[in-house]
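This report goes through one protein chain in short sections. Please keep the sequence and the 3D view open while reading.

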Amino acid sequence: MLIDLRSDTVTRPTHEMREAMHSTTVGDDVFGEDPAINTLENLAANMFGMENALFCPSGTMTNQIAIKCHTQPGDEVICDELSHVYQYEGGGIAFNSGASVKLLQGDRGRITASLVNTGIQPDDVHRPVSRLVVLENTANRGGGSCYEWTDIQEIELLCRQKGLSLHLDGARLFNALVAKGQTPEDYGKTFDSISICLSKGLGAPVGSLLLGKKDFIKRARRFRKVLGGGMRQAGSLAAAGTYALQHHVSRLKKDHENARAIEKALLEKPFVKEVLPVETNIVIAETVEGFDLTGFIEKMKASGILFFAISSNRFRMVTHLDIDDNMMNKLSEVLKNID
Ligand SMILES: *Cc1c(COP(=O)(O)O)cnc(C)c1O
């Protein structure tokens, strides 16, 4: 039994999801003729009360297209220093959009209106033009931390006052919605654009959605083609996404319970100095000084438990659809007997 806690991207489609993929009707999506993709885009847009949606191969692509649509070369994007759009998208903000980035030091990946305010450039020819704020919810490098709704509202208000666009990297937005009891409609009303991943906790094999106004998505569709992301008979992938949105959202609370159980087990180990507060499905732990983290990861691997170090003294474990009670029991047993 392999217990793969490296990421929630490792899930395999369930039998039911494969059935949904198998039985779908497909067409050429670049011609707008794939019924399964149209169904998925409409379903997602309706869920969020947004005008339109665009199915893309990855969350990197939906984020990068959004940034491209919101900015001109020389503009500046404001985000937390841990943001995926800055840390893990290959310098795409510069590469694709020719924009610069203002990094803010938030709290576990989350920023506030007053922080954003300090990051807005004055109207001065020497400066880049502040154009876009990107929030990430849940915040991946923040250990799956979630925003309070009031904090998001304050940031939205500031963006409206200052004429900035507001994009959400919601790769794990459904984890935040489930954890905080928030609704997709509230997010749809607040953000100019939203990216959600179907291939993380929701358990689809591939795909992300970009949501926004009709004109915005029309432009986004053009950039998707430019980036080589115009897929043809990709409806089977969309069918998996539709299945995930319909069947895999409420079960996310199970992943969150499992993550808290891991937190509890880790806190009992003398070599664990602290665990970032577990709010969703990501556990980030810090080890005490001098601890052999590489050796620990090797020993756990020998017992069939996989996870990554994210720095010399921090490691990350992520729960997901394919982690069941048996695995949780085995994990807790292995942890008990290791030091
Ligand atoms: C995974 C992830 C993405 C998108 O990643 P892809 O692998 O390109 O789909 C975007 N933002 C965050 C916070 C993520 O964790």
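Thr-138 sits in the loop that runs between β5 (129-136) and α7 (149-162). The peptide bond that joins Asn-137 and Thr-138 is cis, with omega at about -5°. The model is a predicted one, and these angles are computed from its atoms.

The phi angle of Arg-108 is positive, near 45°, although Arg-108 is not a glycine.

## Two domains

The chain is divided into two parts. Domain 1 is made of two stretches, 3-8 and 251-336, while domain 2 covers 13-247. Taken over C-alpha atoms, the centres of domain 1 and domain 2 are 28 Å apart. Where the domains touch, domain 1 brings 15 residues to the contact and domain 2 brings 24 residues.

## The area between the domains

About 1600 Å² is buried between domain 1 and domain 2. Carbon and sulfur atoms give 53% of that area. On the side of domain 1, Asp-8, Leu-252 and Glu-279 supply 37% of the area buried against domain 2, which is more than any other three residues supply.

## Charged and polar pairs

How many salt bridges are found across the interface of domain 1 and domain 2? The rule finds three. In a salt bridge between the side chains of Arg-110 and Glu-279, the distance from N to O is 3.7 Å. Glu-279 is also one of the three residues named above for their share of the area that domain 1 buries.

Six residue pairs are in polar contact between domain 1 and domain 2, counting pairs with both residues at pLDDT 80 or more. On the side of domain 1 that touches domain 2, α12 (252-267) and β10 (282-287) each supply at least two residues. The largest share of this side comes from α12, with three residues. Sorted by class, the side of domain 1 that touches domain 2 has seven nonpolar, three polar and five charged residues.

## Around the ligand

There are 13 residues around the ligand. Which of them come nearest? They are Gly-59, Thr-60, Asp-169, Arg-172 and Lys-200.

In Asp-169, an N or O atom of the side chain is 2.7 Å from a nitrogen atom of the ligand. Arg-172 has a polar side-chain atom 2.9 Å from an oxygen atom of the ligand. For Asn-140, an N or O atom of the side chain lies 3.1 Å from an oxygen atom of the ligand.

Terms used. Residues numbered from 1 in each chain as written. Predicted model: local features only at pLDDT ≥ 70, side-chain atom pairs only at ≥ 80, totals over all residues. Heavy atoms only, no water. Domains from an automatic or database assignment. Contact = heavy atoms within 4.5 Å. Buried area = accessible area lost by both parts, 1.4 Å probe. Salt bridge = Lys/Arg side-chain N within 4 Å of Asp/Glu carboxyl O. Polar contact = N/O pair within 3.5 Å; in protein donor to acceptor, adjacent residues only side chain to side chain. Helix = DSSP H or I, 4+ residues; strand = E, 2+ residues; numbered from the N terminus. Nonpolar A, V, L, I, M, F, W, Y, C, P; charged D, E, K, R; others polar. Near = heavy atom within 4 Å.
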